[in-house]
Amino acid sequence: MRVLAFLLVFLPALLLQVLADAPAKYFVTFETCSDPLNGCNTVAGKFVVEVNRDWSPHGADRFYELVTTGFFKGTRVFRVVKDFVAQWGISGDPATALKWQNMDIEDDSVRSDVSNKKGYLTFATAGPDTRTTQVFVNLKDNAFLDAQNFTPIGKVVKGWETVENFYDRAGGSPDQSLIQSQGNRYLDHEFPELTTFKAARLSTPQELSLIHISEPTRLLSISYAVFCLKKKKKTTSMYTSAPE
């Protein structure tokens, strides 16, 4: 009985920890909306991010969690600073934003061989150990950020033209505290033209086949594609009829 009680208490936590670890390398496809104020029904563009867990283990795990739970769907690129960064990652739903607001993760050690180059994706911070959900992509080489402990988690490997087309005429104007408290209602009223994400999801094997990547990465991508297919097969075979 004691063993059973132990398992009931600690096994769920252990399983969550195991599931929280992202693959060593994975790919995420972001889709932008062409009509965010009219239901976001069509895709304006796509870009693909290659995430490397060994660059930033805690960051890669958190990003994987956000992607696989659909966090970025409907979020806005609220900050675009020309020749610097484009930033997003505050939920458009105030309740969701509040839930994540203080779910900080530990910093990862800065690697000397990974820098904030153009196209690299990094978590935003408010100081040591304060990464939560906000990320930015570097629009040019910003190596000076390395010394400030901004640790990249991946890089854009496809669709850079979509990033370049992010709406950038809002400057740094949107108030992050109002996005947190009012969500997309505030942004729709004050900044209706901001780039909106229709989806952010794990890339499909078909999308990966269109990316020109190096041989070591290609081998990992093949393994990842097999993982995606197995996961899809399990998901679609979970129910043989519509669940009640």
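Keep in mind that the model is predicted. Eight strands make up an open sheet with antiparallel pairing, and helix H2 packs on that sheet. The largest pocket has a volume of about 340 Å³.

**The sheet**

- Strands in a sheet pair through backbone hydrogen bonds, and the pairing can be parallel or antiparallel.
- Here the pairing is antiparallel, and if you walk across the eight strands the order reads E3-E4-E6-E5-E7-E2-E1-E8.
- At the edges you'll find strand E3 (77–81) and strand E8 (197–202), each of which pairs on one side only.
- From one strand to the next, the twist averages 25°.
- Zoom in on E3 and you'll see that its antiparallel pairing with strand E4 (residues 85–88) runs over four bridges.

- Helix H2 covers residues 57–68 and touches strand E1 (25–33), strand E2 (43–52), E5, strand E6 (135–138), strand E7 (152–158) and E8.
- The direction of H2 makes about 45° with that of E1.

**The largest pocket**

- The lining of the largest pocket takes in 25 residues, and the ones nearest its centre are Gln87, Ala124, Thr125, Ala126 and Gln134.
- By type, the lining splits into 11 nonpolar, 11 polar and three charged residues.

**Aspartate 108**

- Look for aspartate 108 in the loop between helix H3 (94–101) and strand E5 (120–123).
- Aspartate 108 counts as buried because its relative accessibility is 7%, and the cut-off for buried is under 20%.
- Leaving out residues up to four places away in sequence, aspartate 108 touches Ser56, Pro57, His58, Gly59, Arg131, Asn149 and Thr151.

**Arginine 185**

- Arginine 185 sits in helix H6 (residues 184–190).
- Its relative accessible area is 60%, so arginine 185 is exposed; the cut-off for that label is over 50%.
- Arginine 185 and aspartate 93 are 92 residues apart along the chain, yet their C-alpha atoms are separated by 8.7 Å.

Key: Residues are numbered from 1 along each chain as its sequence is written. This is a predicted model: local features need pLDDT of at least 70, side-chain atom pairs count only at pLDDT 80 or more; totals for chains, interfaces and linings use all residues. Side-chain values use heavy atoms; hydrogens and water are left out. Helices (H or I, at least four residues) and strands (E, at least two) are DSSP runs, numbered from the N terminus. Buried means under 20% relative accessible area, exposed over 50%, partly exposed in between (1.4 Å probe, protein chains only). Contact means heavy atoms within 4.5 Å. Two strands pair if DSSP finds at least two bridges between them. Axes are lines fitted to C-alpha atoms, for helices over the stretch in contact, and angles run from 0 to 180 degrees between N-to-C directions. On a 1 Å grid over the protein atoms alone, a cavity is a set of points where a 1.4 Å probe fits but cannot get out, and a pocket is an open set with protein on both sides within 12 Å along at least five of seven lines; lining residues have an atom within 4 Å of a point. Grid points are joined across faces, edges and corners, and a volume is the space filled by probe spheres set on the points. Ala, Val, Leu, Ile, Met, Phe, Trp, Tyr, Cys and Pro count as nonpolar, Asp, Glu, Lys and Arg as charged, and the others, Gly among them, as polar.
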